[in-house]
Amino acid sequence: MACIYGDVTKIVASGASQKTAKQDSLSVQGVEASEKLAQNDLSRMNEYKDVIIKVGQAQQMDPAVIAAIISRESRAGSPGVLKNGWGDHGNGFGLMQVDKQYHELQGEWNSEQHISQGTAILTGFVKQIQKKFPAWSKEQQFKGGISAYNAGVRNVQTYERMDIGTTGDDYANDVAVRAQWFKKNGF
């Protein structure tokens, strides 16, 4: 399946910060931590695999990136993260943690409609980053769009510091590595 936004396997990423790795009490950080976090979510993620692939094909978004955002945002619907589909102090909804303050929520928290909405929000951010930074490579723009999914387009000022101000100061770097892992593991 072609992803029109770039090739996630070509995104250079440093992985999870120590703060993010602590979610699973990991003693490692970086690429190793991101891969372990993704692996820890795989059994729950597989419940949504068919829907993730379907939405990815419909929106020309790599299903591995959708899975990585779901892993990062809700740990694939972990009851330790979501309460009745809600997280982020009652502001984030569903697997992809769509913010009710900025979006009219669509579908049930774990539905195809919800994943489709979250993916459309992501593709919108990638397109905004493409316009903001036309000289960046496709993969740099893709990574910038992933960062913007967490902290908004205004937060992305430079390529090197795009994650400063995101949750854990590592959002795009962590999500990109998780996506690369999910890509190698069936997504």
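Q: Where is Q59 found?
A: Q59 is found in helix α3 (helices are DSSP runs of H or I, at least four residues, numbered from the N terminus). This is a predicted model, where local features need pLDDT of at least 70, side-chain atom pairs count only at pLDDT 80 or more, and totals for chains, interfaces and linings use all residues. Residues are numbered from 1 along each chain as its sequence is written, and side-chain values use heavy atoms, without hydrogens or water.

Q: Why is Q59 called buried?
A: Its relative accessible area is 18%, and buried means under 20%, exposed over 50%, partly exposed in between (1.4 Å probe, protein chains only). So Q59 counts as buried.

Q: What makes the link between the side chains of Q59 and S116 a polar contact?
A: They come to 3.0 Å, and the term asks for N or O atoms within 3.5 Å, one able to donate a hydrogen and the other to accept it.

Q: What makes the pair of W136 and Y159 edge-to-face?
A: Their planes stand at 85° with centres 5.5 Å apart, so the pair is edge-to-face. W136 lies in the loop between α5 and α6 and Y159 in the loop between α6 and α7, 23 residues apart.

Methods: Helices (H or I, at least four residues) and strands (E, at least two) are DSSP runs, numbered from the N terminus. Rings of Phe, Tyr and Trp (its six-membered ring) pair if their centres lie within 6.5 Å; planes under 30 degrees apart count as stacked, over 60 as edge-to-face and the rest as tilted.
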